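Subject: Structure handover

Hi,

Here is the structure I promised to pass on. Please open it alongside this email; my notes on its cavities follow.

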Amino acid sequence: MFHRCFLTAAGLAIAFFAAPASTAPLQEGVDTAFDQIASAAADAGLAPVVAIDHARLADAEGVEMPPARVQIFSDPAVNTTLLAQDIRAGLDLPFRALAYAGADAVQVVYTSADFLKHRYGLQDAEALAAFDAALAPALDGLDGVKPMPVPTQGLAADYGILALQSRHDVPETVARLRAIVAAQSDTVWFGEVDFAAEAAALGIDLPPAVLLLFGGPAPGGVAMAKFPSIGVDAFCQKLFVHAAPEGGSVVLFNSIVALAELHYGASAPPHAMLDERLAATFAKALE
């Protein structure tokens, strides 16, 4: 029997399920690493944003995949400093860490400052060092697991970033995207991060910028079945909406094909199908 509970408060969405018995040993290891990261992040003062149990969500939809749990947590001051350099970096903020079952052991993968540097051309060494320094305590002390950064070999500026233009302002664009995501029968909404509001609370002005977080447990599970580490980048799905200088908004999201090739050197047909579905769905919302 599976037991599910969703808790949503102040942008926090957490899914809990009972573990399938057949994957209990690996699942236990993933759960332990996940809990250690969550505890260490809290001790370091990092704010939880969302935690998602990919495999158990997928299993509840009849899709098998390796145990995998991702968590996103935040430091608004770190976010704001990087966004002031390039607002588009919001697609890869806040901090992300994924615990998952590799071929023969539990692994942890995370997004590093080096990833941000390569993908967005960020040059502020002090701000990038502050990102890694703030994240480090959450990844220290894992029992028998060495955290590894997302690969950056082959990562160039704007790699795998898909963009759509919206004639609507950020609030209207966000509302339209939320509505069309909610209309998908196989999709779960996880929350959002208002980066401009975070910055304003620190006394800093940023252009309107909102990160939307959602996912499809069944299609996501299929896409991650042989590519579990892409759960740190591609799942949950991230839509980043920011104001365009010339008016309207820009919507950024990740190509799942590109991220699979970055992590594994290959992709699969479900990745391309999801890319096409997402692009068509978001474009429709912006009409």
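The second largest cavity has 14 lining residues. Nearest its centre lie Ile52, His54, Gly216, Pro217 and Phe235. Two elements give two or more residues to this lining: helix H2 (54-60) and H8. H8 supplies the largest share, four residues. By class, the lining of the second largest cavity has nine nonpolar residues, five polar and no charged. The volume of this cavity is about 110 Å³.

Bear in mind that this is a predicted model. In total, it holds three cavities of 30 Å³ or more.

Now the largest cavity. Its volume is about 150 Å³. The lining counts 17 residues, and those closest to the centre are Thr187, Phe214, Gly216, Arg277 and Leu278.

Which elements each supply at least two residues of the lining of the largest cavity? They are helix H6 (170-182), strand S10 (209-215), helix H8 (217-224) and helix H10 (269-285). H10 gives the most, with five residues. H8 is on this list, and it also gives four residues to the lining of the second largest cavity.

The classes for the largest cavity are eight nonpolar, seven polar and two charged residues.

Best wishes

Technical notes: Residues numbered from 1 in each chain as written. Predicted model: local features only at pLDDT ≥ 70, side-chain atom pairs only at ≥ 80, totals over all residues. Heavy atoms only, no water. 1 Å grid on protein atoms, 1.4 Å probe; cavity = no way out; pocket = protein on both sides within 12 Å on 5 of 7 lines; lining within 4 Å. Points joined across faces, edges and corners; volume = space filled by probe spheres on them. Nonpolar A, V, L, I, M, F, W, Y, C, P; charged D, E, K, R; others polar.
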